[in-house]
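Please keep the sequence and the structure in view while reading.

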Amino acid sequence: GKMAAAAAAAEQQSSNGPVKKSMREKAVERRNVNKEHNSNFKAGYIPIDEDRLHKTGLRGRKGNLAICVIILLFILAVINLIITLVIWAVIRIGPNGCDSMEFHESGLLRFKQVSDMGVIHPLYKSTVGGRRNENLVITGNNQPIVFQQGTTKLSVENNKTSITSDIGMQFFDPRTQNILFSTDYETHEFHLPSGVKSLNVQKASTERITSNATSDLNIKVDGRAIVRGNEGVFIMGKTIEFHMGGNMELKAENSIILNGSVMVSTTRLPSSSSGDQLGSGDWVRYKLCVCADGTLFKVQVTSQNMGCQISDNPCGNTH
C-alpha cells in the first residue's frame, strides 16, 4: 500500500514538474545503485577463446632456440676464460708487463726465459737469433729439429743431419761471402767441401765422376750398384778394380770394349777338383774366350784341354 502510494505521489509530482528529493532519499538511492553494481559480476564480460588470443613471449621452437643460444654463449664464455687463463700463465702478465717476453717498436720479439714451442712460422724475411754474447740453444724433446722454407728442409736428429731441396743449396761465409759449397752445377763443377771425405747418396745424375790426381775414386755400396748411361758408360783410370760379393753383369746395346790388360782373379770362381770327371755331377762348364778385337764369347767345355776353336766362332779367322 505504501509502495503504491509512493509511486502515485511520484507520478503526480512528476506531472507537475521536477520533484526535489530529500538527502535521505538520495542516500538510499545511491546505496541501492552501488549495491546492485557490486553484485553484478557479469557486467562487461564477453566470452573469448584463449587459443585465438595473441600470445607474447618465446614459446615452442623459438623458446628452444633461445635456450640453445644461451647455452652456446655460456660455453664460449667458459672457453674464453680458459684461454685467458692459459695466456696469463704462459706469458706471465703482471703489474710490470710480461715476465717472459718483450715487444719492441722495431718488430723485435725477445724471449727472456726458456720457451717451449711446437711450430714457429716467421714472417717474410724474418731472422731468428740469440743475444750477442750468448748461444742460441734449440732442443727437441725426442723429436728432430726441422727448419723448412718451401721445399728446402734441414733436419737435425740424434745421429744425423740431413738437407733436402728440390731447387739446390748453397753454403757461404756470411762475413766474407765466400761460397763454401754449392749445387749450382751450371756455373761450376761439384766439389766436396774441404774436410769432407765421402758423399752418401741414394741416386745421382751427373755427366762425370772424377777424383783428384793424387787420390783414388772409391765407390762403395752395401747392396747393388747400377751405373747407367744414356749414350754409354766410359770408365777410365790407371788401374780399375771391381770387388763384389755377388755377380757382375755387363749389358750393352752394341758392344762392350775392354781396352788394356784385363786380369780376372780366380780365387772366388767355382772350380772342381782334379779327380772329377767332366760329365759327373750337375755342373755345366764354360770357357771364356776373347777375340783379337776384344769380343768376348763363351764355349761349353765338353773335353779336357779344349780350346776356343768352334764352328760358330765369332772371331772369324783371327782367334
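## Terms and basis

Helices (H or I, at least four residues) and strands (E, at least two) are DSSP runs, numbered from the N terminus. Two strands pair if DSSP finds at least two bridges between them.

This is a predicted model, in which local features need pLDDT of at least 70, side-chain atom pairs count only at pLDDT 80 or more, and totals for chains, interfaces and linings use all residues. Residues are numbered from 1 along each chain as its sequence is written, and side-chain values use heavy atoms, with hydrogens and water left out.

## The hairpin of S5 and S6

Strands S5 and S6 pair in the antiparallel sense, with five bridges between them. Within this arrangement, Gln149 stands opposite Thr152 in S6. Two residues lie between the strands of the hairpin, and Gly150 takes a positive phi near 70° there.

## The second largest pocket

A pocket is found on a 1 Å grid over the protein atoms alone: it is an open set of points where a 1.4 Å probe fits, with protein on both sides within 12 Å along at least five of seven lines, and lining residues have an atom within 4 Å of a point. The volume is the space filled by probe spheres set on the points, which are joined across faces, edges and corners. For the second largest pocket the volume is about 2,400 Å³. Its lining has 44 residues, of which Met117, Ile120, Val128, Leu136 and Ile138 are the closest to its centre. S5 gives the most, with five residues.

The lining divides into 20 nonpolar, 17 polar and seven charged residues. In this grouping, Ala, Val, Leu, Ile, Met, Phe, Trp, Tyr, Cys and Pro count as nonpolar, Asp, Glu, Lys and Arg as charged, and the others, Gly among them, as polar.

## The hairpin of S10 and S11

S10 and S11 pair in the antiparallel sense over five bridges, and Tyr286 stands opposite Gln300 in S11. Their hairpin has five residues between the strands, and Gly294 takes a positive phi near 95°.

Burial is judged by relative accessible area: buried means under 20%, exposed over 50%, and partly exposed in between (1.4 Å probe, protein chains only).

## Two disulfides

A disulfide is a pair of cysteine sulfur atoms within 2.5 Å, and by this rule the count comes to two. One joins Cys289 to Cys308, with an S to S distance of 2.0 Å. The torsion about this S-S bond is about -85°, so the disulfide is left-handed. Cys289 lies in strand S10 (residues 286-290) and Cys308 in the segment after strand S11 (296-300), so the pair, 19 residues apart, links distant parts of the chain. Cys289 counts as buried because its relative accessibility is 2%, while Cys308, at 29%, is partly exposed.

The other disulfide joins Cys291 to Cys315 (S to S 1.5 Å). Its torsion of about -80° makes this disulfide left-handed. Here Cys291 is in the loop between S10 and S11 and Cys315 in the segment after S11, 24 residues apart. Cys291 is buried at 7% relative accessibility, and Cys315 is buried at 13%. With bonded cysteines counted along the chain, the pattern is 1-3, 2-4.
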